[in-house]
Amino acid sequence: MTATTELAVRVTGVGKTFPTKAGDVVALTGVDLTVAAGEFVSLIGPSGCGKSTLLRLIADLDGASSGSLEIFGKPAKQARIDQDYGIAFQQAGLLPWRTVAGNIELPLELHGMAKRARAARVAELAELVGLSDFVTRYPDQLSGGMQQRVAIARALAAQPRLLLMDEPFGALDEMTREYLQGELTRIADDTGAAVVFVTHSIPEAVFLSDRVVVMSPRPGRITDILDMTLGGTRDDALRESPKYFERVTAVREALHGAPVERANER
Amino acid sequence: MSSYPDTARAAPPWVRVAAPIVVGVIILALWFLVVDVLKVAPRALPSPVAIVNDLVLRAGIILEDMQITAGNALAGLVVGSIIAIAFAALAATFRPIDGMLAPLVAAIAVVPIVAITPILNTMFGASSQFGRQYVAAIAVFVPVFVNVLRGLRQTRPVHRDVLRASAASGLQTFRVLTLPTALPYLLTGLRIASSVAVIAALVAEYFGGPADGIGTAIASYAKSGRASLAFAYVAGGIAIGLVFFLVTSLLERLASRRTPV
């Protein structure tokens, strides 16, 4: 990475404290992170390491207690208002009374895009996530994996250059999960968007990412940043390659090397 | 979509339709037996034949009185609901207002409508339907308010996050998220309130006001010993209640079609 590369995200000295009755809880402290345009970065760590909190700060869904965040050189709030990022959560979060098309076009509708332009964009996005035949269905008629694809299409609707994802495949079965991981890398390549991806799955992080950010809890902080350098295509062959296993081991060691208890989630 | 998973195995569809009809026919037959055949019923219990007779004979005037009572109930339902929705919206938006309204709503909830009805009827005079409509509106207020307020608080965090991330304005969030989420709750409130409105409007007629309406007729014919005509009016009252209930139930069902997930 050269100094001239445009930065999608720049996080400098960010901390987050949640006040509770029992006293302040430090969720994040001293976080420095940059994500280049078009780069795929995963945040990984055990529960309570603040990875989701960090993502919410980048998305301006919560405010940082200290430090500064810049998205494409703007304050996080301005980036949110300008729709510079799209976001997807572990729950698809689709509006059940809207069709697939109605859900995908929601951000466009909110920003006053004309109906015809919206319809064209919806068709494009439905094609991108492979749901062209389902645009008139309602969310309760779709499987979990399909709902999640609708959520990803919605996140991409405003053509953001940054995609924020908070364990979007966490609630899916392993088969669907691997399939959607492949789809996501393809979509990220097609759109050229940078991705910040929160996960607690080591293989998922390694498979998807250019860089993996390892975090640890109490207080939440970044303990390591690992380059994956796995090269261009992400396919099933990659999942079998020695290089891939090597990276998985590296991330696992980075996670467990931290002087706190191990990830106990799976 | 006819999904009654529990009863599906126990009873075929025609049984579900036929069963209540059979019960109705049995009751009618017993009634007829006791009153007309055995002639052991008290005088105040007329024969079903006599009731139907009066119902047909006096259909015109009964319908007129039904219109009065139904109109009062509807006016109370509409006005009471609008006020309840407005107050619920205020309470949902501003916490302090919620705190101010809570004891007031609790007070209204425990007021026996019957207790204030004579006062209201006297207040608005013997020629005005307003007292009756007012009683219905008060009765409607509580179920609508409680349900709408609950509905306005049902938005899920993930939906709020999605809208915030899409930079939706407060008004947009209300329109695309809060309102559709609350709609089924509003209609549940309306369904409950619709029956309450009819009862309140009818009962209010027992305590004065103009000499029309179903309740007034039932009271006067019952007192003057024309039991079969009084019962014919009761049938009219039941019809009003049924219409109100069926219409609001249908609306509720339409609105809650797409709420799960």
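**Exercise 1. Find out how confident the predictor is about chain B and about the complex.**

Next, take the complex, which gets an ipTM of 0.86 and a pTM of 0.77 from the predictor. Keep in mind that this is a predicted model, where local features need pLDDT of at least 70, side-chain atom pairs count only at pLDDT 80 or more, and totals for chains, interfaces and linings use all residues. As for labels, residues are numbered from 1 along each chain as its sequence is written, while chains are lettered from A and ligands numbered from 1 in the order in which they are written.

**Exercise 2. Work out how compact chain A is.**

First, look at the secondary structure: chain A has 10 helices and 10 strands (DSSP runs numbered from the N terminus, H or I of at least four residues for helices, E of at least two for strands). Then compare sizes: the radius of gyration of chain A, taken over C-alpha atoms, is 18 Å, close to the 18 Å from the globule rule (2.2 Å times the number of residues to the power 0.38) for 266 residues, so chain A is as compact as a globular protein of that length. Finally, the C-alpha trace of chain A spans about 55 × 45 × 45 Å along its principal axes.

**Exercise 3. Locate the largest nonpolar core.**

Step one: know what to look for, namely buried Ala, Val, Leu, Ile, Met, Phe, Trp, Tyr and Cys residues joined through C-beta atoms within 7 Å. Buried means that 20 or more other C-beta atoms, placed from the backbone, lie within 10 Å of a residue's own.

Step two: the largest such core has 84 residues, and A:Ile58 and A:Leu164 are among those with the most contacts inside it. Helix α6 of chain A (residues 144-156) gives the largest share, six residues.

Step three: this core lies between domain 1 (7-84 + 160-257) and domain 2 (93-159) of chain A, because both give residues to it. The domain bounds come from an automatic or database domain assignment.

**Exercise 4. Describe the side of chain B that touches chain A.**

Count residues first: the contact (C-beta atoms, placed from the backbone, within 7 Å) takes 16 residues from chain B and 18 residues from chain A. Now pick out the elements: α8 (157-165) and α9 (170-204) of chain B each give two or more residues, and α8(B) gives the most, with six residues.

Notes: A residue is buried if 20 or more other C-beta atoms lie within 10 Å of its own, exposed if 12 or fewer, and partly exposed in between; C-beta atoms are placed from the backbone. Two residues are in contact if their C-beta atoms, placed from the backbone, lie within 7 Å. Ala, Val, Leu, Ile, Met, Phe, Trp, Tyr, Cys and Pro count as nonpolar, Asp, Glu, Lys and Arg as charged, and the others, Gly among them, as polar.
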